[in-house]
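Thank you all for making the time this morning. I would like to walk through one structure with you, going from a single residue out to the contacts between helices, strands and chains.

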Amino acid sequence: MTASASYYRFVVLHDYTVGYEGDCDPAVEYCYIGCEDDECTEEYFYSYITRPADELRALCGPDITDCDEAYECKDGDSKCSIEFCDPSYDEECSDLLDI
Amino acid sequence: MICYLYEAPSYLFFAADLPELLYYSHIPAASIALLVGLFVYLNKPNQLKNRLLLYISLCFVAWTTINLVAWTNINADILLFVWTFFGILQACISILCIYFIYVFLNEQDVTPKIKAVFSLLLFPVILFAPTNLNISGFDLDWCDAFGFEGVGYLVYYSFLGALAMVWIFWLLAKKYKEVSESATRKQILLMGVGIELFLFSFFTITFLASYLANLGVVNDSDLEFYGLFGMVFFMVFIGILIVRFKTFNIGMLSSQALVIALVILVAAQFAYASTPTTFILKIVTLILTGLAGLLLVHSVKKEVKQKQELELLSIKLSKANGRLKELDKLKSEFVSIASHQLRSPITAIRGYTSLLLDGDFGKMPAEAKEPLERIEQSSKRMAMSIEDYLNVSRIESGNMKYNYSDFSLRNEVEKLADDMRPEAIKKGLTLLFRTTDLQGQGMVHADIGKVMQIVQNLVNNAIKYTPEGSVSVYVRDDVSKKMVFVDVVDTGVGIDADELETVFEKFERARNANAVNAHGTGLGLFVATKMAKAMDGDITVHSDGEGKGSRFTVSLPLAA
């Protein structure tokens with residue numbers, strides 16, 4: 001029963017949330033800071049997007065590579081959110097003044 | 001949805017750029033668990049504890065498999081589907097371990113009440129597994145669902161692991177105090193260390209390492225792989241229990257266990273096969289190791305089987321020997337009683353026959369003389385046989401008495417030879433007595449009656465078993481050995497070499513003896529040799545073979 005319910009939910013309905021890194025302009029927003037390599041010789045900035053998997057799948061198919069719609073939330077789409085870094089809460093955010 | 005930053009795995013969970021320890025920790029641990037679980041189950045499928053061990057192994061194998069899938073797969077749908085079962089499997093392992101220990105310690109199923117408690121503990125984990133309480137989403141960048149796991153659900157099934165450790169420890173400690181046998185205590189200790197090590201490493205190290213890696217406290221998330229080795233240790237302890245204590249009612253050879261472990265270790269090397277050449281070499285090594293192992297196990301098994309058969313035979317023989325001794329004792333007692341009962345009437349028969357022959361009851365008719373002489377001879381033989389039986393009985397019960405004194409063996413033997421000469425002459429034989437210059441004057445320290453009984457027996461035998469020729473009796477001594485010897489040499493039927501060793505045994509007679517004399521009991525030489533040995537002497541025999549005569553030598557200690 002559990003296996004069937006789980007299979008139906010995740011594989012058939014795609015009823016879950018997906019999170020992934022979105023674009024972020026450090027001149028405008030506080031961004032999360034990521035590293036390009038293990039030694040963190042090069043940094044990049046990102047926001048964090050969450051949205052229902054079935055919606056994203058409808059927009060882009062199973063792969064979001066080369067899918068611009070994946071990186072923006074449409075107005076009125078309450079289940080899609082783009083989260084930026086919050087300096088009062090997160091430890092490492094990009095600093096607007098430095099950019 | 002696809003994790004766009006990673007490459008898809010081949011064959012479900014073989015992906016590049018993953019830590020080699022991932023496979024080395026997962027595949028051998030799962031293989032060992034599966035092999036041991038199946039081995040125990042297939043040997044005794046009807047045993048509950050064997051089934052429970054298999055269930056624990058299967059849950060562990062399922063967990064390692066979905067963990068490999070989670071590490072390597074990039075399809076979010078599949079990953080989330082399998083991710084659902086982490087909690088269920090861990091909860092099941094916890095509860096099954098408690099259940100297993102209950103049955104292991106008490107050799108019986110748990111009460112329905114405890115089963116209800118187990119079910120209640122498992123119920124929330126199973127019920128909420130497909131819901132958001134367990135897992136709500138997926139991170140496409142990290143390709144995992146850690147960030148979307150329900151904290152309450154995670155804490156609950158982790159708590160079951162901790163509960164299992166405490167519960168099992170309490171059960172084992174309680175039982176350990178109750179029992180007093182060293183072997184049982186050792187089994188409890190081994191099982192306790194094995195299962196607690198497994199639960200601790202599986203629940204604590206695995207998740208602590210993963211948690212710390214996610215927090216960034218440690219950089220190397222490979223640490224979580226070490227947690228799986230706890231299962232290997234648990235299975236090693238199970239193996240020790242099987243080999244040393246035959247736990248799970250399985251007879252297993254240590255060689256089998258070692259070969260299995262060796263094959264698994266060699267097989268685990270596949271995780272490091274980076275080139276086709278090393279892959280082929282590892283396959284060849286595995287096949288050769290497997291074949292050598294099979295031969296070794298086969299050979300050891302054969303030897304153990306032979307040893308077991310010998311042990312079984314030895315036990316049977318020991319029992320049979322005990323029974324024979326008992327029967328022999330009973331027989332001796334019977335012979336003793338029967339002989340005593342027979343001796344009185346035979347004495348009367350001999351006495352009255354002698355009186356009749358001597359004419360004490362008036363002149364006997366001539367035709368009655370021969371039957372009376374036959375009665376006298378037969379009763380004499382019977383009296384001698386009875387005396388032999390009684391002597392055997394006395395010797396075996398330790399009741400033979402010896403009255404020691406110093407006497408001249410030379411003189412006594414000479415007298416005996418003179419007394420027996422008419423009997424020899426009657427049979428057409430020559431009976432000679434010879435002696436050398438005796439330095440010790442032929443004086444011995446022994447029971448004169450017994451000694452003369454021995455010598456008389458030997459001379460009597462010599463006369464009986466010599467159809468023609470002579471019987472010679474020699475007395476000699478050896479001062480350096482402090483012994484006096486009496487040789488009784490005849491030109492009679494002789495004895496075969498293979499019978500020389502057995503002529504002194506009870507009821508033993510040479511094969512050709514019956515042809516010459518059918519009346520022997522086979523006890524005379526047995527009694528004679530026992531008596532000689534009891535007086536620190538001995539009797540030996542020499543014969544060149546059938547028809548070549550024989551020489552019996554009595555040795556007795558020289559008087560001080």
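A:Leu13 is exposed, because 12 other C-beta atoms lie within 10 Å, where the C-beta atoms are placed from the backbone and a residue is called buried with 20 or more others within 10 Å of its own, exposed with 12 or fewer, and partly exposed in between. A:Leu13 is found in the loop between helix H1 (2-12) and E1 of chain A, and helices (H or I, at least four residues) and strands (E, at least two) are DSSP runs, numbered from the N terminus. Leaving aside residues up to four places away in sequence, A:Leu13 touches A:Tyr8 and A:Asp54, contact being taken as C-beta atoms, placed from the backbone, within 7 Å. The C-alpha atoms of A:Leu13 and A:Asp54 are separated by 7.1 Å, although the two residues are 41 apart along the chain.

Before I go on, please keep in mind that this is a predicted model, in which local features need pLDDT of at least 70 and side-chain atom pairs count only at pLDDT 80 or more, while totals for chains, interfaces and linings use all residues. Residues are numbered from 1 along each chain as its sequence is written, and chains are lettered from A and ligands numbered from 1 in the order in which they are written.

Now to the place where the chains meet. On the side of chain B, 20 residues are in contact with 21 residues of chain A. Which elements of chain B give two or more residues to that side? They are helix H3 (76-106) and strand E1 (137-139) of chain B, and H3(B) gives the most, with six residues. By class, that side of chain B has 13 nonpolar, four polar and three charged residues, where Ala, Val, Leu, Ile, Met, Phe, Trp, Tyr, Cys and Pro count as nonpolar, Asp, Glu, Lys and Arg as charged, and the others, Gly among them, as polar. The strands take part as well: strand E1 (residues 17-22) of chain A and E1(B) pair in the parallel sense over three bridges, pairing being called when DSSP finds at least two bridges between two strands. Within this pairing, A:Gly19 stands opposite B:Asp139 in E1(B).

Let me stay with H3(B) and look at the helices beside it. The axes of H3(B) and helix H4 (residues 112-127) of chain B come within 9 Å and cross at roughly 170 degrees, with axes fitted as lines to C-alpha atoms, for helices over the stretch in contact, and angles running from 0 to 180 degrees between N-to-C directions. H3(B) and H4(B) are therefore roughly antiparallel to each other, since angles over 145 degrees count as roughly antiparallel, under 35 as roughly parallel, 65 to 115 as roughly perpendicular and the rest as oblique. The residues of this contact divide into ten nonpolar, one polar and no charged. One of those from H4(B) is B:Ile126, which counts as partly exposed, with 15 C-beta neighbours inside 10 Å. Not counting residues up to four places away in sequence, B:Ile126 touches A:Thr2 and B:Ile88.

With H5(B) the arrangement is as follows: the axes of H3(B) and H5(B) come within 9 Å and cross at roughly 10 degrees, which makes H3(B) roughly parallel to H5(B). The residues of that contact divide into 16 nonpolar, four polar and one charged.

What about the nonpolar cores, meaning sets of buried Ala, Val, Leu, Ile, Met, Phe, Trp, Tyr and Cys residues joined through C-beta atoms within 7 Å? The largest has 85 residues, and those with the most contacts inside it include B:Leu80, B:Phe138 and B:Met231. Its largest share, 22 residues, comes from H3(B). Apart from it lies another core, of 43 residues, among them B:Val444 and B:Val475.

Finally, the sheet in chain B. Five strands form an open sheet in the order E3-E5-E6-E8-E7, with mixed pairing. Strand E3 (430-435) and strand E7 (538-542) of chain B stand at the edges, each with a single partner strand, so one side of each is left without a neighbour in the sheet. Strand E6 (residues 483-490) and strand E8 (residues 550-557) of chain B run antiparallel and are joined by eight bridges, and B:Phe485 has B:Ser555 in E8(B) as its bridge partner.

How values were computed: Contact = placed C-beta atoms within 7 Å. Core = buried A, V, L, I, M, F, W, Y, C linked by C-beta atoms within 7 Å.
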